[in-house]
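Open the model in your viewer and keep the selection panel at hand. This tour goes from one selection to the next and says what is there.

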Amino acid sequence: MNNINNIPSTSPAASDVPRRTIDIVNASLKRRYARERRFRRLGAFAVALGLSFVVLLFSDIVSKGYTAFAQTYIQLPLNLSAEVIDPSGSREPATLAAANYTKLIRDALRQQFPDLTERQALRRLYALVSVGAGDLVREQVVAEPALIGTTTELWVLADDDIDMLVKGNIDRTAAPEDRRVSDETIGWVTQLEQQGRVAKRFNTIFLTHGTSREPELAGIAGALMGSFYTLLLTLLLSFPIGVGAALYLEEFAPKNRWTDLIEVNINNLAAVPSIVFGLLGLAVFIGFFGIPRSTPLVAALVMTIMTLPTIIIASRVALKSVPPSIREAALGVGASALQTQFHHVLPLALPGMLTGAIIGMARALGESAPLLMIGMIAFIVDIPSGFTDSATVLPVQIFLWADSPERAFVERTSAAIIVLLAFLFLMNLAAVLLRRKFERRW
Amino acid sequence: MHTWTLILLLLAVMALAYHLGIKRAITRVGGLKQINHLHSLPTYYGLYAALWAGIPALLLLGLWLGFQDHFITTLVTAQLPPDLVAAQSAGQIDLILNDIKNLATGNIVSATVTPEIQAAADQFARFEQLSTQAQWLAVLALALGGASFAWWRTEPQMRARNRVESVFLVIMVIFSSLAILTTLGIVLSVLFESLRFFELISPLEFFLGTNWSPQIALRADQVGATGAFGAIPLFTGTLMVSLIAMVVAVPIGLMSAIYLSEYASRTVRAFAKPIIEVLAGIPTVVYGFFAALTVAPVIRELGATVGLEVASESALAAGLVMGVMIIPFISSLADDVINAVPQALRDGSYALGATQSETVRLVVIPAALPGIVGGILLAVSRAIGETMIVVMAAGMAANLTANPLDSVTTVTVQIVTLLTGDQEFDSAKTLAAFALGLTLFVVTLALNVLALSIVRKYREQYQ
């Protein structure tokens, strides 16, 4: 009886006094507490690691991309002589649009550096400004014909290499063969900078133009409009279908094999890799039904199928949260089953359904893999103006730019990502606010 | 834009029918005073008319748009001069048809325009115009016919509400069956193309071959004309990237879930959990950009400093970033199952003198294990199906290697590469993408079903 606590000692050198459990426990406590602390620290470390990934990701993207919202311009005194632009003096838009503005810019550049006469050197000098600079000057002149005949200081769009140089992304002290810009060009830019002729201004081109092979002329407006049309159509298709399906499954469906099958299907579709939906779109929508490739229409169909499970699941949760007393009261005063649903249950569940729809749309906005399959990676400069125009979407535009070798595209890709993340943030914020405002506790 | 105008017009007809339906019902019953003799509320008579006007016409329009192209193409093909078609393969006939269509719509034509093709294109354009005119006529006639049918049927005894409601119910049944149609569409489309692929390449070679180089011959007598379609390197590449991702995501995700649910104070949890879940909302293309432009160069430089040769598109970079993407997935699933473990189990463990970490390790985790395993399986299926990160950060070269610093390629990368170039629809190269897609679909489906059944079984235990 008295040896209950008498556990055989582990080492023969231990004292002869029989050890009690409490002693063993006490002896191990230090080790166990150390272990406890280690475990706890490990957990805290994992959380910190997770948080730091978020910070790292965002700071990396933002630090790479924020400079793209400014763009380098060179101020040049352009001699907008009437003989070159509008020799007939008619001031007709067609004549103004046809004039050679690039030549005017080149003349102004040569004026700045009168010593240069050699053709090769001049060509390098002309490369200071963007190939699209002439078009931008034309737009200014067409908008303001009074400028014709005057010599005006105009801000002319600089080439992307110059832009990178001015922003400090090209190291001026590096060995000449390691950088894209020659010593000669750096000399010219420095001279222009000293004259105060180089400035960074807000980059409106990035927000108003379609894509381009030239980084300084590339913008996200085309991709944004493509995303807009795609999302609009996706919402128009998937919200009614999702709500209808959820209503049926939650409120009307009998419990049988067919509805079980539907439920299993919906849950599985939510986990199918998105690229498989692209294959479906390619084989069925494009291959079988002959819907034109690269259009917001076919993209929206694929996105609808992809987001439908999300919306159905969220809508069912919203319907479940409406208490049965509402239904019973409506049925009690003589409403039909459908009237009960459409007049009473649905309005109460709508905020939850909308929240689900917004989250589904946010997913669709960021999705790109299935769209690669259905031709959204075509190089499309024009800004789409309808559901059947060729278009690309913002994430795919990011994918395409990320492939471009120019340094200036890295900056623009990051900036496009910032815009994309901003939209996603706004959508999620809207979902959260909607939930806060309309969430009811019954 | 023709079709959109027609749809708008159709909506206008429906609105008109709605109004007339209401008017008609009230007139038939004998004015507003007698309105209580109507079987249903007047709006239901309006809806009844609008549905009769809209649904048949919309169905016809949908069918028309779906099959018009096939129909016209068949007609034009049948009328092509026999000497043009004779001795041509199906692919070449497709090319000719493409030219005809491009010519008819005013696009750029690849071949020289012969008179036969010009004639066919003219005919194609004529057919198309004819079809559009007939479509407008038929659709509008059907809409008006439907509306007048409703007008004629409207009488006070008609059970308009019941009819309208049953139509709505049918529509809802159709909507909810779309999920099945989608699955069916995926299976059928991918299956048929895959079967055609397996007619060209034996399944044995596809699943067991170790050489992947999907070239197609430009000439029939070219050396190595068939290309090699052994998908083992793709499978191992996919597995390696997913494994790296899991090695990153499982410990971090699991430990942070444990910390946040067992240790962290309410405020820390309320702050840290949503921030970690932000990682789940970031588009994958952003991760791909991050992997390719930030992580990959860092890894290469690190490798260079210790004297290791790292490929510029290494499996490691893609796997690491994919792991980061999957962290919130694992942590929120694990969080759910850990919170579902009854407090009584923990209290019992504490009462026996266990420390908190011992309770977690020896009681909570074993109790939550099925759910955690289910979550990890779901995450694996996520990793296998992930596309953008590997397309941007892993390579194209199908290396059969176990070295994570090497460049590998994955199933999803190959699907994208095979399908984004310009190639004919029937080549083995294009069909191979569908065979890969089928494999991907089957594997992820199996993983999901397994994971969901494990999770569900477990949830029932503690309820």
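Select helix H4 (residues 101-112) of chain A: H4 lies across E1 and E2 of chain A, and runs at about 85° to E1(A). Helices (H or I, at least four residues) and strands (E, at least two) are DSSP runs, numbered from the N terminus. Axes are lines fitted to C-alpha atoms, for helices over the stretch in contact, and angles run from 0 to 180 degrees between N-to-C directions. Two residues are in contact if their C-beta atoms, placed from the backbone, lie within 7 Å.

A word on the model itself. It is predicted: local features need pLDDT of at least 70, side-chain atom pairs count only at pLDDT 80 or more, and totals for chains, interfaces and linings use all residues. Residues are numbered from 1 along each chain as its sequence is written, while chains are lettered from A and ligands numbered from 1 in the order in which they are written.

Show side chains: H4(A) brings A:Tyr101, A:Thr102 and A:Ile105 to the contact, and H6(A) brings A:Ala133, A:Gly134, A:Val137 and A:Arg138. By class, that contact has four nonpolar, two polar and one charged residues. Ala, Val, Leu, Ile, Met, Phe, Trp, Tyr, Cys and Pro count as nonpolar, Asp, Glu, Lys and Arg as charged, and the others, Gly among them, as polar.

## The sheet

Now select the strands of chain A. They form an open sheet of three strands in the order E2-E1-E3, with antiparallel pairing. Strand E2 (151-157) and strand E3 (198-202) of chain A are at the edges, each with a single partner strand, so one side of each has no neighbour in the sheet. Neighbouring strands are turned by 45° against each other on average, direction ignored.

Two strands pair if DSSP finds at least two bridges between them. Seven bridges join E1(A) to E2(A). Zoom to A:Asn79: its bridge partner in E2(A) is A:Thr151. Strand E1 (residues 70-79) of chain A also pairs with E3(A), over five bridges in the antiparallel sense. Here A:Ala70 stands opposite A:Phe202, and A:Tyr73 has A:Ala199 as its bridge partner.

## Two domains

Zoom out and colour chain A by domain. Domain 1 covers 67-217 and domain 2 covers 221-438; the bounds come from an automatic or database domain assignment. The C-alpha centres of the two domains of chain A lie 44 Å apart. Their contact takes 16 residues from domain 1 of chain A and 15 residues from domain 2 of chain A. On the domain 1 side, helix H7 (160-166) and helix H9 (204-208) of chain A each supply at least two residues. That side divides into six nonpolar, seven polar and three charged residues.

## The second chain

Finally, show both chains. Which helix gives the most to the side of chain B that touches chain A? First the totals: the contact takes 71 residues from chain B and 67 residues from chain A. Helix H6 (residues 160-200) of chain B gives the most to the chain B side, with 20 residues. The residues of that side divide into 46 nonpolar, 21 polar and four charged.
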